[in-house]
Amino acid sequence: MTGHAQLRFKIATAVAAGKAPDIALVDSVWVAEFAQASFLIPLEEIDPDWVENDYKRDVLPVFVEGDSYEGQLYAVHAQTDVALLWYRKDWFNAEGISPPMTWDDLIQAACYFQQEHIRQKYGLGDYTLAFPASLKAGETTSYLLLPFIWSAGGGVFADGKVILDSEATRRAIGLLSDLVHKYKVASPEVASCAWDWPMRLFAAGKVAISVGGSYESGMIKELAGWDEAAFRERVGFVPIPAGPGGKQATTAGGMTYAIYRQSKCPDLALEILKIVTGPELMKEFCVATGHNPPRISVARSLDPEEDWFLVQTQEMLSNARVRPSTPEYPKVSEQLRAMLENAVARRVTVDQAVQKAAEIISAITGLPQG
């Protein structure tokens, strides 16, 4: 087994040695990097008719965009997931609290459950909210916390410029820091935690709210010992709440299949991908694993009752965004995580963390700040 952190290195090593596989599963944010490096073959070179009349017509545009580089499609999404806010629906209902739709809602709900008598009532730990804001948590930190910047109206890139150094970013990073230091509803450990730490706290009933991903549903059920009915009764989920003047936001992620330029049988490789990512197998896989289908036809075929979790999380994809598509993404992501960790740990001010990250990302990508 190769973990996510080692997969990118192993692929690059195999390509360098002339031993690339015909097909490999890659994180969708690596597509631009691998395409620019000529690791991958554009799928239009193999079967332009399938790309135009099947894939692009039946797959959500956000994934066609994310799997493309310089106008050509280089990868095929098999499944996807979204960033969201888990909350204990049963506890919220019992206390008459609505799910958080805005940052103010989030602060008020977290502060309510932070009260000592409420924490004792539900057996909560010392803090009621968890999220990963550490370098240690790896890509999970970027994936889950970028929507806070988007929800404030900010971003990383736009119109060929680095736009990270903005009031929107400062507000978002400031909120995350305030949840730890001002409102004291999240532990300082968020700046040093592992990727699955928030999810484990939520499954154990030690926090009432956790920033996580839809891909965690199966793990939460397993850790908590809940069957489907118990999970549905106790757990609620909403997109990342809206910042001042902004709107709710979420990240669309997932792994993609790509065909390597070194493949000896690219035609056969694509025929296999057509089957693996076709409607029939995609539905079977997504229903079995709790991942969302990127194909529109598969999403429409889901049963509202039996596939209730997929149907409800699928609705979030209509406003989802992908992480920045750039060949330098791994280095960009590392700077975003450093910005978050350093600001939330209060090693530097929010202004200093944002300004430094923007400067380094500009240097990494060669794009001006704007």
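## Helices α8 and α9

In this predicted model, helix α8 (residues 139–151) packs against helix α9 (residues 167–181) at an angle of about 125°, and their axes lie 7 Å apart. The crossing in which α8 passes α9 is right-handed.

Three residues of α8 take part in this contact, namely L145, F148 and I149. On the side of α9, they meet T169, A172, I173, L175 and L176. By class, the residues of this contact comprise 7 nonpolar and 1 polar, with no charged residue.

## Helices α9 and α18

Helix α9 also packs with helix α18 (residues 350–365). The angle between these two helices is about 125°, and their axes are 10 Å apart. That angle makes α9 oblique to α18. Here too a handedness can be assigned: α9 and α18 cross in a right-handed manner.

From α9, the contact draws on T169, R170, I173 and G174. From α18, V350, D351 and V354 contribute. The contact of α9 with α18 contains 3 nonpolar, 2 polar and 2 charged residues.

## Helices α8 and α17

A further partner of α8 is helix α17 (residues 329–344), with which α8 packs at an angle of about 70°. The axes of α8 and α17 are 9 Å apart. Angles of 65 to 115 degrees count as roughly perpendicular, and α8 and α17 are therefore roughly perpendicular to each other.

In α8, the residues E139, T141, S142, L145, L146 and I149 form one side of the contact. They meet Y329, S333, L336, R337, M339 and L340 in α17. Sorted by class, the contact of α8 with α17 holds 7 nonpolar, 3 polar and 2 charged residues.

## The second largest pocket

Rolling a probe the size of a water molecule over the atoms shows where empty space is left. The second largest pocket has a volume of about 290 Å³. It is lined by 16 residues, of which E65, V322, R323, P324 and S325 are the closest to its centre.

Two elements, α4 (61–66) and β2 (68–69), each supply at least two residues of the lining of this pocket. The lining of the second largest pocket is made up of 8 nonpolar, 4 polar and 4 charged residues.

## The largest cavity

How many cavities of 30 Å³ or more does a search of the whole structure find? The search finds 1. The largest cavity has a volume of about 90 Å³.

The lining of the largest cavity includes S28, V29, V31 and A32, together with G66 and A252. V322, R323, P324, S325 and T326 also line the largest cavity. By class, the lining of the largest cavity has 6 nonpolar, 4 polar and 1 charged residues.

Methods
Residues numbered from 1 in each chain as written. Predicted model: local features only at pLDDT ≥ 70, side-chain atom pairs only at ≥ 80, totals over all residues. Heavy atoms only, no water. 1 Å grid on protein atoms, 1.4 Å probe; cavity = no way out; pocket = protein on both sides within 12 Å on 5 of 7 lines; lining within 4 Å. Points joined across faces, edges and corners; volume = space filled by probe spheres on them. Helix = DSSP H or I, 4+ residues; strand = E, 2+ residues; numbered from the N terminus. Nonpolar A, V, L, I, M, F, W, Y, C, P; charged D, E, K, R; others polar. Axes fitted to C-alpha atoms, helices over the stretch in contact; angles between N-to-C directions. Left-handed = near helix turned anticlockwise from the far one by under 90°. Contact = heavy atoms within 4.5 Å. Parallel < 35°, antiparallel > 145°, perpendicular 65-115°, else oblique.
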